[in-house]
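Please look over the sequence and the model before reading on.

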Amino acid sequence: MTNNVLRSGAFFWRRSGVFLEAIKFEHSVFALPFAILATFISAGGWPDLTDFVWVIFAMVSMRTFGMSANRLIDAEIDSRNPRTAMRAIPAGEISRLAMYGYMTVAALIFVAVISQLHPVTWLLAPIPLAVMVGYPYLKRFTWLAHFGMGAVYLIVPPAVSLALSGTMPLGFVLIGIGSMFWVVGFDVLYATADFQVDRDQGLHSIPSRFGIPTALVVSKGLHLLAVLLLVIAGLVLGSHWLYFLGVALVALLLAYEQSLVSSDDLSKLNMAFFTMNGVIAIVFGIFVVIGEVICCLLYTSPSPRDATLSGMPGCG
């Protein structure tokens, strides 16, 4: 009996590992810092621990749902691309039925979690789920498909504010738009890897439509817009100077990321996409969170942001 239990446990963990690899669970680091920093900004410092945990679970379950849907929707396309042919569904490591099961569980967890947050979150829950399911289809119709992925990140900061306070201040929307341009910029960069495959399969992207040199210029422009919007968001929110230092570091890291790739040399594309974007999200999140905590310690107002808006000393 003990051996059966051990074998069952080993099978469970092995299958779980395959699933987590299939959805690139570790890439949650791209979006999670934006949910965390939005939680701290909304709270004006230390958030309520229960709210913080619910936000984390909502973010991770929503992404898990979205990536599961993505793998199902794109399974046939992935099977025809040498770069993605060994993904779990095309390679036969996970069945479609099993992936539907994982996706359903993630959706149920997401719905259960948001039921613990502000009531408006429950009413708006179909929006992020619909965006998650819809954006993989866009590459079949338009070279603007990158903005579908970016829309997922646009939602995160305003959604966190709504979930915790029932309001959606302009600053959170601007952070969302800034993060959208950041994501679209690196998605355009990454799409250069499938430039020829996309053309052969009739799929749409900025690189396949306009060529790699133009795509790299577009990516740089999008990242510049991302930095500008994050600066404006900080000014609107009256953020601590550490927020702006974080933005400055983001700008430097984005410049370095862009320097890794050229139309003549895409060999460092994985480093630019996976490593650098994870570092960028974490660095920005850390500086924003520390700034919010310092504001909380320095000012007696329940929310330093409220103090700013009322004319009292704020965090700017």
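## Terms and basis

Ala, Val, Leu, Ile, Met, Phe, Trp, Tyr, Cys and Pro count as nonpolar, Asp, Glu, Lys and Arg as charged, and the others, Gly among them, as polar. By these classes, the lining of the largest pocket has 24 nonpolar, nine polar and 13 charged residues.

The model is predicted: local features need pLDDT of at least 70, side-chain atom pairs count only at pLDDT 80 or more, and totals for chains, interfaces and linings use all residues. Residues are numbered from 1 along each chain as its sequence is written, and side-chain values use heavy atoms, with hydrogens and water left out.

## The pockets

A pocket is defined on a 1 Å grid over the protein atoms alone, as an open set of points with protein on both sides within 12 Å along at least five of seven lines; a cavity is a set of points where a 1.4 Å probe fits but cannot get out, and lining residues have an atom within 4 Å of a point. Grid points are joined across faces, edges and corners, and a volume is the space filled by probe spheres set on the points. Helices are DSSP runs (H or I, at least four residues), numbered from the N terminus.

The largest pocket has a volume of about 1100 Å³. It is lined by 46 residues, of which N70, R71, R87, D187 and Y190 are the closest to its centre. Helix α3 (49-73) supplies six residues, the largest share of this lining.

The second largest pocket holds about 410 Å³ of space. Among its 22 lining residues, P128, I155, V156, A159 and V160 are the closest to the centre. Its lining has 21 nonpolar residues, one polar and no charged ones, and α8 gives the largest share, eight residues.

## Aromatic pairs

Rings of Phe, Tyr and Trp (its six-membered ring) pair if their centres lie within 6.5 Å; planes under 30 degrees apart count as stacked, over 60 as edge-to-face and the rest as tilted. The structure holds 12 such pairs. One of them, F19 with Y102, is stacked, at 3.9 Å centre to centre and 20° between the planes. F19 is in helix α1 (residues 2-22) and Y102 in helix α5 (residues 96-114), 83 residues apart.

Buried means under 20% relative accessible area, exposed over 50%, and partly exposed in between (1.4 Å probe, protein chains only). F19 has 8% relative accessibility and therefore counts as buried, whereas Y102, at 28%, counts as partly exposed. S68 lies in helix α3 and is buried because its relative accessibility is 0%.

## Around F34 and W182

The ring centres of F34 and W182 are 5.4 Å apart with planes at 35°, so this pair is tilted. Because F34 lies in helix α2 (residues 32-43) and W182 in helix α9 (residues 170-191), the pair ties together parts 148 residues apart in sequence.

Helix α9 gives the most to its lining, three residues, and the lining has eight nonpolar, two polar and no charged residues.

Key
Helices (H or I, at least four residues) and strands (E, at least two) are DSSP runs, numbered from the N terminus.
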